[in-house]
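Trainee: Could you show me how to read the contacts in a structure, going step by step?
Mentor: Let us look at it together and begin with the domains.

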Amino acid sequence: MAVLLIAEHNNKELRPFTLNAVTAASQIDSEVHAVIIGQNTAEATKQLSELPLIKKVLSVEAAHYENFTAENFTPVIVKLAENYTHIVCSANTFGKNLMPRIAAHLDTSQVSDIIKVISPNTFLRPIYAGNAFATIKSNDLKKCVTIRPTSFDPCETSGGSAPIEKIDADEEFSNTKFVKREEIKSDRPELGTARIVVSGGRGMQSGDNFKLITEIADKLGAAIGASRAAVDAGYISNDHQVGQTGKVVVPDLYIAIGISGAIQHLAGMKESKVIVAINKDGEAPIFSVADYGLEADLFEAIPQFMEELNKLNTIQK
Amino acid sequence: MKILVAVKRVIDYNVQIRVKEDGTGVVTDNVKMSTNPPDDNAIEEAVKIKEAGNATEVVAITVGEQKAQETVRKALAVGADRGIHVKADGILEPLAVSKILQKIVDKEKPDLVFMGKQAIDDDCNQTGQMLSALLNWPQATFASKIDVKDNKLEVTREIDEGLETIEINVPAIVTCDLRLNEPRYASLPNIMKAKKKPIEEIAASDLGVDVSPRLEQIKVEEPPKRKAGIKVANVAELVQKLKNEAKVI
């Protein structure tokens, strides 16, 4: 039995969630091999071989792998799958795009977005945006599993020296062409991976008032979130939406300001480690999940909050 | 061009999910059901492409129990031309649904298949990618912008790092993100008209697809409850607690 991990990288270096996926893979079986598919990946491949949990690295390089197109990756992995019982990668947009294509070729029912390895064939995964947890047993011979990166710690990054084996590239899939990638360049952390998220809801009353949220987020080095109500009201663009139909976030600190706590919003943030709610309605459902609730008018509370933060000598970033 | 759009009936996104006491699933009796939200975006986009003169027909399809037909009827009310309901009971895994859709694609020969990127019940995010694998078609997942060109689509995709643009040759699969468009509401006259639009019913068993589940759902349980928090009296106390008790700032 051995597990094949699909490494995510940007050709130069490993992307961080690969480390979480390695941890998950190692909990399925200790024999973890990693495949890295790309172009000019020497440095990233070296990083992979240095992870102590990786026993062997398979490297596949060709120009048509430069942009990680699932249609090009799939035949390579399907061929390698012969030697493995499990194929594993992260349940981020990379893995979500790729793994089902592999699973269908292997005629395997994929287990998506697991948060715990119970045994090599049984996994825990959230359904209904985390409103329920399902224990799922796979009876397929080959198992395709994607893992929720925030549910597994990153693995050690040094001390290993796994052998690197070159694998031949497969043919190019000609009906899909990469055009461009626009990476959002922002000093602000990404909503999905930020340590702190400050979110505003309908209580903000206008898009202009979201500046108050921005100020606090800047001060804390936080990402900015919003409830669906705030997005629907046009206060902020929908890429900030936290909730069942937006992003699911698991930060160390989630600050909900002027958010009542509709079910669909709670589904996107209630796994956060510490939750703060500021709302003038003491009966708002958000208080039922908040570790610290402050019943106050947010237009008074936010300036005070800034003032108090300014008094602190240090703020963790 | 002909566009096939797959829609799924799920528990409405505003309903508080309740787990059954026997651990076999979640309560669905007497619970409001709706079309899976990003599937509404998929229908909207197909209808817009037709309105722009770039498609000739929009066919809505669902796979599921009798009541699932409501989602097809809703699609007809916002502009789909006709419907297909593949009847199947019980748990349908994405692999089974994609095999059924493959059979329908073989028969209907659409140029494009659209669907939501993920269903908000099982949260699998698999069906579109699996269907494109089975058909060996290109896939554009998590689409937030679609431009129709001659026998090609230019699609902007939502990825973790930002946005990615790809060009795919038709026939192709597109899975839709909520950011793709604003789904319209059905007007009363259009709801009435939709009642006269045809829906073809097909039994899944007649398609020769084995839909039996491959995964065993051992149990479904409530997530661990958060322990009750406290109310703080003022902002100063809040900041002090965050700094010294929770140690998060």
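Mentor: Two residues count as in contact if their C-beta atoms, placed from the backbone, lie within 7 Å; in this predicted model, 4 residues of domain 1 of chain A are in contact with 6 residues of domain 2 of chain A. By class, the domain 1 side of that contact has 1 nonpolar, 3 polar and no charged residues, where Ala, Val, Leu, Ile, Met, Phe, Trp, Tyr, Cys and Pro count as nonpolar, Asp, Glu, Lys and Arg as charged, and the others, Gly among them, as polar.

Trainee: Where do the domains of chain A lie along its sequence?

Mentor: Domain bounds come from an automatic or database domain assignment, and here chain A is divided into domain 1 (3-166) and domain 2 (196-311). Taken over C-alpha atoms, the centres of these two domains of chain A are separated by 34 Å.

Trainee: How many residues of chain B are in contact with chain A?

Mentor: In chain B, 64 residues are in contact with 71 residues of chain A. The largest share of the chain B side, 8 residues, comes from S9(B), a strand being a DSSP run (E, at least two residues), numbered from the N terminus.

Trainee: Which strand of chain A is joined to S9(B)?

Mentor: Two strands pair if DSSP finds at least two bridges between them; strand S11 (residues 176-183) of chain A is joined to S9(B) by 7 bridges, and the two run antiparallel. Within S9(B), B:Ile166 is the bridge partner of A:Phe178.

Trainee: How should I read the numbering and the limits of the model?

Mentor: Residues are numbered from 1 along each chain as its sequence is written, while chains are lettered from A and ligands numbered from 1 in the order in which they are written. In this predicted model, local features need pLDDT of at least 70 and side-chain atom pairs count only at pLDDT 80 or more, whereas totals for chains, interfaces and linings use all residues.

Key. Helices (H or I, at least four residues) and strands (E, at least two) are DSSP runs, numbered from the N terminus.
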